[in-house]
Amino acid sequence: MNSAFADTQKRRPSAATVASNVPYFGFPFGFIKTKVRYLTLQYNDPDTRVSGITSFRLDNKDLVDSVLFTLANKAGLTPRGDVYIRKTDSDEAKKTIP
């Protein structure tokens, strides 16, 4: 795993999308949006030469933060702002050069 971070996006539920297309002169259903929280992981497997990005939808912010912290610590990632990354050899070399 190369990096991991939490992401929040506003999405319109499918029921609101359908309701916004039904002619109704009351509530504007097109404006209904919910917050969806994701845990996004970037990975690279040198054995199979497969790399990519995947996301997991989780229920709430506390769960996302807990899973992110635990997974990043077990994978040996270091925090850089809101993102956890795997430091490369060049990053370590830059730290030792004065």
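Student: Is arginine 49 buried or exposed?

Tutor: Keep in mind that this is a predicted model. Exposed requires over 50% relative accessible area. Arginine 49 is exposed because its relative accessible area is 76%.

Student: Where does arginine 49 lie?

Tutor: Take the two flanking strands. Strand 2 covers 34–45 and strand 3 covers 50–58. Arginine 49 lies in the loop between strand 2 and strand 3.

Student: What phi does arginine 49 take in the hairpin of strand 2 and strand 3?

Tutor: Most residues other than glycine have a negative phi. Arginine 49 is not a glycine, yet its phi is positive. The hairpin has four residues between the strands, and there arginine 49 takes a phi near 55°.

Student: Let's step back to the overall fold. Which pattern does the protein follow along the sequence?

Tutor: Count the elements before ordering them. The secondary structure comes to three helices and five strands. Read along the sequence, the pattern is β-α-β-β-α-β-β-α.

Student: How many of the contacts with a separation of 6 or more link residues 24 or more positions apart?

Tutor: First, the scale of the chain. The protein has 98 residues, and 16% of them count as buried. The accessible surface comes to about 7600 Å², with 55% of it belonging to carbon and sulfur atoms. For contacts with a separation of 6 or more, the share from residues 24 or more positions apart is 50%.

Student: How many bridges join strand 1 to strand 2?

Tutor: Strand 1 spans residues 3–11. It runs antiparallel to strand 2. The number of bridges joining strand 1 and strand 2 is nine.

Student: What is the bridge partner of arginine 37 in strand 3?

Tutor: Arginine 37 belongs to strand 2, where it stands opposite threonine 8. Strand 2 also pairs with strand 3, in the antiparallel sense over nine bridges. In strand 3, the bridge partner of arginine 37 is leucine 58.

Student: Which residue is the bridge partner of leucine 41 in strand 3?

Tutor: Look at threonine 54, whose place is in strand 3. Threonine 54 touches Leu39, Thr40, Leu41 and Tyr43, leaving out residues up to four places away in sequence. The bridge partner of leucine 41 is threonine 54.

Student: How far apart in space are threonine 54 and tyrosine 43?

Tutor: Threonine 54 counts as partly exposed because its relative accessibility is 28%. In sequence, threonine 54 and tyrosine 43 are 11 residues apart. In space, C-alpha to C-alpha, they are 8.2 Å apart.

Student: Is serine 3 buried or exposed?

Tutor: Serine 3 is found in strand 1. It touches several residues beyond four places away in sequence, among them Thr40, Leu77 and Tyr84. Buried means under 20% relative accessible area. At 9% relative accessibility, serine 3 counts as buried.

Student: Now helix 2. What distance does helix 2 reach from its first C-alpha to its last?

Tutor: Helix 2 runs over residues 61–75, which is 15 residues. At 1.5 Å a residue, the expected value is 21 Å. The reach of helix 2 is close to that, at 21 Å.

Student: Why are the buried residues of helix 2 on the same side?

Tutor: The buried residues of helix 2 are Val64, Leu68 and Ala72. They sit on the same side of helix 2 because they cover an arc of only 50° around the axis. An α-helix has 3.6 residues a turn, so residues three or four places apart point the same way. The arc to remember is 50°.

Student: Which strands do the buried residues of helix 2 pack against?

Tutor: Asp62 and Lys74 are exposed on the other side of helix 2. The buried residues pack against strand 1, strand 2, strand 3 and strand 5.

Student: Which residue caps the N-terminal end of helix 2?

Tutor: Find the backbone nitrogen of aspartate 62. A side-chain oxygen lies 3.3 Å from that nitrogen. The oxygen belongs to the capping residue, asparagine 60.

Terms used. Residues numbered from 1 in each chain as written. Predicted model: local features only at pLDDT ≥ 70, side-chain atom pairs only at ≥ 80, totals over all residues. Heavy atoms only, no water. Buried < 20%, exposed > 50% of the residue type's maximum accessible area, 1.4 Å probe, protein only. Contact = heavy atoms within 4.5 Å. Areas by Shrake-Rupley, 256 points an atom, 1.4 Å probe, with all protein chains shown as cover. Pairing = 2+ DSSP bridges. Expected span 1.5 Å × (residues − 1). Arc of directions from axis to C-beta. Polar contact = N/O pair within 3.5 Å; in protein donor to acceptor, adjacent residues only side chain to side chain.
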